[in-house]
Amino acid sequence: MPAAPTGEQPRPWRFDAIGTAWEIAADAALPASVRDDVTAAIDAFDATWSRFRPESTVRALAEEPGTIPAPRDAAPMLDAYAALAAATGGAVNPLVGASLEHLGYDAEYSFRPRGARAAPDDWRRLLTWDHGMLTMSAPALIDVGALGKGRLVDIVLEIVTGAVPGGVAVDAGGDIAVRGRTERIALEHPFDRRRAVGVWEVTDVALCASATNRRAWGDGLHHVLDARTGQPVRTIAATWAVASTAMWADALATALFFDGGPRLAAERGVHWVRMTTDGRLEWSPGCTADLFVRPSSVKG
C-alpha cells in the first residue's frame, strides 16, 4: 500500500551507484524501506551484470563458460540486443566487453589501450538464453552498456511508483524515466557541457542520452564501440531517444550511432535527436524537442 503524501514537496534523493550519479524526485517522501529496496535492487543488478566486479555473474561466465539459471533480466535485455544487432548489421553486440577492455576501459580503469579488437561476430551462437537458462559456450565477456542502465532505471521506477503515490522521476546520469509528472530536460551539448542543444519536455516516458564525451579517455577513445571492428565510432557525437521504457530509450540511443538505428527507432515508434561530430543536428519525424538550431544547420 503506498504511503500517504506528506503535503510537503520532499527533497530529491541523490546518491552514487554503478559509476554514476542518481537522483530520485517524488511527490511523496520515500520511506527508508523503499530506499533500502532501491539500494538492494541496484546492487543485485550490478552483482549480476557488471563486468567491473570480479565476483559478478558475467565475469564468472567469461572465466568459466557454461550454463546457469538465467538471471531475471537476461531475456528482455538479450532479446533487445538481438534486435539491435539485426538492425545495425552487428555493430551492437553484447559480447563487446573484451573489446572495451582491450582499449583500456577495463575493471582496473587502466585506460591503457592495446589496440582495437572486434567482438565475436557469431555471438548468437556463443550466447544463448532460452528455457530459463543462460549459456556461454566459449570464453567471452558480456557488456550490457548499450541498454543495461536503462533497464535498471525501469526497475527502480517500478519499485518507487509501487510504494509511494504521486509523480516520480528517476535520473541515472542522464537516463531518465518519468511517471505522473512532466519534466523539461536539457540536452547537453557534447562539445561543451555548459551548453544545451535543446530541451525536451516529457511526460510518462523515458529519455536516455549517450555521448562520446562521456566515459572518454586517450586520443579519440570512448565507450561507444563498433563491435565489428572494436573501434570507437567517429561520425556521431551524441544521441537522445524517448521511449515508453528506459531500457528501449537507452537501447535506441546506442543504435542511433550506427546505420540502421533510425530505422529501428521508426519501427518501434521512438523519437530521437542526434548530433554528428561535425556539429549538425538530426531528428526523427514527429520529434517534439525544442532544438536550438538555425535552419541552415538542420538535416531533418
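**Exercise 1.** How many aromatic pairs does the structure hold?

Solution. The structure holds 8 aromatic pairs; rings of Phe, Tyr and Trp (its six-membered ring) pair if their centres lie within 6.5 Å, and planes under 30 degrees apart count as stacked, over 60 as edge-to-face and the rest as tilted. One of them joins Phe15 and Trp22, stacked at 5.7 Å centre to centre with 10 degrees between the planes. This is a predicted model, in which local features need pLDDT of at least 70, side-chain atom pairs count only at pLDDT 80 or more, and totals for chains, interfaces and linings use all residues. Residues are numbered from 1 along each chain as its sequence is written, and side-chain values use heavy atoms, with hydrogens and water left out.

**Exercise 2.** Describe the pair of Tyr109 and Phe111.

Solution. The two rings are tilted, 6.1 Å centre to centre and 50 degrees between the planes. Tyr109 counts as partly exposed because its relative accessibility is 42%; buried means under 20% relative accessible area, exposed over 50%, partly exposed in between (1.4 Å probe, protein chains only). Phe111, at 36%, is partly exposed. Ring pairs also link Tyr109 and Phe111 with Phe52 and Tyr105 into a cluster.

**Exercise 3.** Which ring does the charged end of Arg51 sit over?

Solution. The charged end of Arg51 sits over the ring of Tyr105, 5.0 Å from its centre. The criterion is NZ of Lys or CZ of Arg within 6 Å of the ring centre and within 35 degrees of the ring normal. Arg124 lies over the face of Trp123, 5.4 Å from the ring centre.
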